[in-house]
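Open the model in your viewer and keep the selection tool at hand. This tour gives one stop at a time.

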Amino acid sequence: MHKINEDLQKERDKCSFNIQDLITLIDGGPEKTRERKDRENVMLSKREVFDGVPEEYLSHKERYENAIRNSVVAFSLVRKMQEEGKTSINNYRDVVGGLLGSSVLRDGSPLGLHYIMFMPAILNQGNEEQQEKWLPRAWNCSIIGSYAQTELGHGTFIRGLETTATYDAATKQFVLHSPTLTAYKWWPGGLGQTANYCIVVAQLYTKGQCHGIHSFIIQVRDEETHMPLPGIKIGEIGAKLGLNAVNNGFLGFDNFRIPRTNMLMKHAQVLEDGTYVKSRHSKLNYGAMVFVRVVIVFDMVNYLSKAVTIATRFSAVRRQCQLKAGETECQILDYVTQQHKLFVSIAAAHAFRITANNLWLTFNEVNEQLSEGNLQRLPELHALACCLKAVTTADTAACVERCRLACGGHGYMMSSSLPLTYGLVTAACTYEGENTVLLLQTARFLVKTYQQLDSKALTPTVAYFKSAAAEKFCDSWTNTTEGIIRGLQVVAMRKIAHCVIVMTNRVSKGMTFEDAWNMTSVQLVAAAEAHCRVIIMSTFLEEVKEMSRTISPKLKEVLHQLAELYCIYWALEKLSDLLLYTPISQKEVESLRLWYEETLTKLRPNAVGLVDAFDLRDEMLQSTLGSYDGRVYERLMEEAMKSPLNAEPEVESLRLWYEETLTKLRPNAVGLVDAFDLRDEMLQSTLGSYDGRVYERLMEEAMKSPLNAEPVNHTFHKYLKPFMQGKL
Ligand SMILES: Cc1cc2nc3c(=O)[nH]c(=O)nc-3n(C[C@H](O)[C@H](O)[C@H](O)COP(=O)(O)OP(=O)(O)OC[C@H]3O[C@@H](n4cnc5c(N)ncnc54)[C@H](O)[C@@H]3O)c2cc1C
């Protein structure tokens with residue numbers, strides 16, 4: 001262990017709360033902390049396997065090969081934990097998507113989709129027989145699967161997918177076909193060169209009728225040779241902004257046949273004679289989508305904690321400029337602009353974690369109701385998961401980028417881990433539902449809710465619509481966290497109300513509802529975002545209040561400061577909305593700004609303690625800037641020396657070594673050649689005779705030249721002399 005950087009140590013010494021208390025609180029109890037640490041110990045036990053030449057210096061092909069090797073090691077470890085009862089299927093997520101995963105599989109894994117999508121799809125959409133047939137083989141990885149929904153031509157609009165699965169009753173087979181280039185599947189993780197099976201989403205045709213999209217399990221490669229099967233066109237889609245080890249693939253079908261039993265038939269079915277049996281409820285799949293989105297929110301918490309840990313520790317170590325003339329250079333963490341860049345990310349990581357926990361509980365409640373046939377809360381849950389996924393991924397991407405900028409030039413280095421983290425996070429803004437599209441889905445639910453305001457009891461997350469619509473709800477402004485939330489509730493409700501008015505006007509002037517919706521969609525997205533911010537902020541505040549009863553006063557104080565900071569930050573960010581819809585005055589805005597600055601100052605002494613409490617091991621941070629000991633500059637130089645271009649000075653050190661060896665050999669040089677034992681008559685050299693009479697012998701030999709036998713050559717008289725005398 002290296003010595004801790006002095007500035008970093010001082011920061012830790014002045015932390016006002018017990019860091020271990022916060023670690024335990026974040027994990028959800030000491031037992032959970034122990035389990036997490038156990039998992040980390042196992043997963044990071046083979047660290048040396050994953051280390052090597054930094055991936056940036058590998059070719060695309062080498063990266064893939066590396067990723068396969070590392071994934072196999074990582075998943076073998078998970079399998080071992082599984083056998084020992086230390087993990088469940090949910091923990092696979094830790095390895096695949098979470099921080100633990102990205103610490104050993106830095107740029108994703110070609111086996112990820114197998115765990116995240118392939119197995120859950122069989123579980124959620126396969127009937128019992130299918131689960132029995134496929135899950136054990138998938139579980140022990142004797143088959144590797146992917147999930148192919150998106151096509152070159154369609155991602156968001158899944159009803160527009162072009163791949164067809166046509167039932168042939170005569171052979172009891174489905175015929176899979178890609179009728180156009182745009183029908184090719186595009187994006188499935190691991191499909192390029194890794195998976196041999198795949199869940200494919202295609203338009204189902206039977207008895208000449210299209211029944212919309214359904215899922216099929218399809219073998220794409222031979223289990224022995226791994227060669228693509230006849231009728232399958234498959235490959236990798238190429239380099240991307242990030243996740244370059246994931247081996248995303250393309251897939252096309254040329255009248256490829258599969259057995260009828262390979263359609264996943266938990267919900268809808270095709271009978272042997274081709275009769276289509278409809279799903280009991282078209283929305284039953286929403287549950288699985290919600291689950292994945294909750295998991296994404298948890299992933300964002302991890303990545304955000306990582307980025308802000310790196311940037312905050314670096315800001316404590318880095319000194320730049322003087323605050324006052326003559327003083328020593330200042331830790332950049334002392335600049336309030338730097339605190340403004342970083343502290344909201346610390347607060348957001350807590351806000352997102354608390355909200356995700358809450359969403360998880362709601363998900364489980366609603367799932368239970370679903371199993372009893374009660375679908376009442378499903379639309380609310382779906383709307384909630386959509387906006388939370390969209391807002392947390394977008395905010396996290398923005399915060400990670402801000403953390404990178406906060407590290408100046410060093411944040412731009414791959415070795416800081418910030419660029420790679422950004423690549424992982426920004427992908428989540430697109431996959432599992434593109435963010436704008438998701439916010440529009442939430443908006444649709446909010447519009448419906450608003451339109452039924454007077455006639456219906458509202459579900460919990462939108463219950464505030466009714467109170468916020470009451471006349472006296474916000475007739476004066478108070479600069480408190482509760483005041484801010486009330487203000488933002490009014491904003492969300494009024495924004496939706498305004499959208500409804502605008503759309504109604506447009507329709508009354510002859511526009512179709514669809515065109516009115518599209519024309520109003522920028523405002524609808526903003527309204528859905530406003531609603532989501534109300535949910536995140538109020539959940540955060542309530543939970544901090546709730547936990548205050550069980551935690552130490554010091555910890556309570558700092559968590560309150562974080563919750564306050566988060567509320568004030570977003571109130572100031574959304575000032576134009578507050579000015580438009582609430583009675584906030586100029587004076588109150590000014591005092592809000594002062595309050596924000598004072599809160600930054602209060603949090604400043606605890607900044608390093610707060611990120612230490614995310615408890616991320618150096619192996620998980622993988623950053624030259626963020627390690628626990630703060631050896632920033634040494635690590636930057638060590639990493640720089642791993643560049644293959646710096647390998648060239650090796651020649652120089654080779655030369656030095658050579659020279660040293662020569663010096664060592666020098667005393668024995670003559671002895672060594674004498675040992676060849678060559679007599680002078682064999683050497684026949686003026687220079688190399690045993691006695692070393694070099695000069696003498698040179699002269700003796702010179703005298704043997706025939707020219708030397710006569711003092712003047714006859715040519716002198718014949719040519720040279722007349723030439724010199726001008727006679728020639
Ligand atoms: C890293 C990564 C991994 C992926 N992995 C997989 C995978 O394993 N399997 C798989 O099947 N897919 C995968 N995908 C694909 C992913 O699911 C799609 O990219 C995503 O659903 C968005 O679809 P799209 O790319 O067609 O974008 P589009 O839908 O074409 O979106 C483009 C733009 O159009 C806008 N837009 C689209 N529709 C509307 C609308 N109705 N109203 C307003 N605006 C609209 C969007 O807001 C966006 O700005 C992956 C994608 C990424 C980036």
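Select Arg533, Met537, Phe540, Leu541 and Val544 in helix H18, then Leu559, His560, Ala563, Tyr566, Cys567 and Trp570 in helix H19: these two groups meet. Two residues are in contact if their C-beta atoms, placed from the backbone, lie within 7 Å. By class, this contact of H18 with H19 has nine nonpolar residues, one polar and one charged. Ala, Val, Leu, Ile, Met, Phe, Trp, Tyr, Cys and Pro count as nonpolar; Asp, Glu, Lys and Arg as charged; the others, Gly among them, as polar.

Before moving on, note that this is a predicted model, in which local features need pLDDT of at least 70, side-chain atom pairs count only at pLDDT 80 or more, and totals for chains, interfaces and linings use all residues. Residues are numbered from 1 along each chain as its sequence is written. Helices (H or I, at least four residues) and strands (E, at least two) are DSSP runs, numbered from the N terminus.

Now show the whole of H18 (residues 521-547) and H19 (residues 553-573), whose axes come within 10 Å and cross at roughly 160°. Axes are lines fitted to C-alpha atoms, for helices over the stretch in contact, and angles run from 0 to 180 degrees between N-to-C directions. H18 and H19 are therefore roughly antiparallel to each other. Angles under 35 degrees count as roughly parallel, over 145 as roughly antiparallel, 65 to 115 as roughly perpendicular and the rest as oblique.

Next, select H12 (residues 378-406) and H13 (residues 418-427). Their axes come within 9 Å and cross at roughly 170°, so H12 and H13 are also roughly antiparallel to each other. On H12, the contact residues include Thr393, Ala397 and Val400; on H13, Leu418, Tyr422 and Val425 are among them. The contact of H12 with H13 divides into seven nonpolar, four polar and two charged residues.

For another helix pair, go to H3 (residues 30-43) and H5 (residues 60-83), with axes that come within 10 Å and cross at roughly 135°. That angle makes H3 oblique to H5. Arg39, Val42 and Met43 of H3 meet Ala74, Leu77 and Met81 of H5. Five of these residues are nonpolar, none is polar and one is charged.

Turn to the strands. Select S2 (residues 164-168) and S3 (residues 173-177), which pair in the antiparallel sense over five bridges. Two strands pair if DSSP finds at least two bridges between them. Asp168 stands opposite Gln173 in S3. Which residue in the hairpin of S2 and S3 takes a positive phi? Click on Lys172: its phi is near 55°, and the hairpin has four residues between the strands.

S3 also pairs with S9 (residues 256-259), antiparallel, over four bridges. Here Leu176 has Phe256 in S9 as its bridge partner.

Then select the open sheet of three strands, in the order S4-S8-S7, with antiparallel pairing. Its edge strands, S4 (185-186) and S7 (232-236), each pair on one side only. Five bridges join S7 to S8 (residues 249-253), and Lys233 has Gly252 in S8 as its bridge partner.

Finish with Thr150 and Gly189, which UniProt lists in an unreviewed entry for "binding site". These two cluster in space although they are spread over 40 residues of sequence: the largest C-alpha distance is 11.1 Å. UniProt positions are given in the numbering used here, feature names are shortened, and annotations may be inferred rather than shown by experiment. Thr150 lies in the loop between S1 (145-148) and S2.
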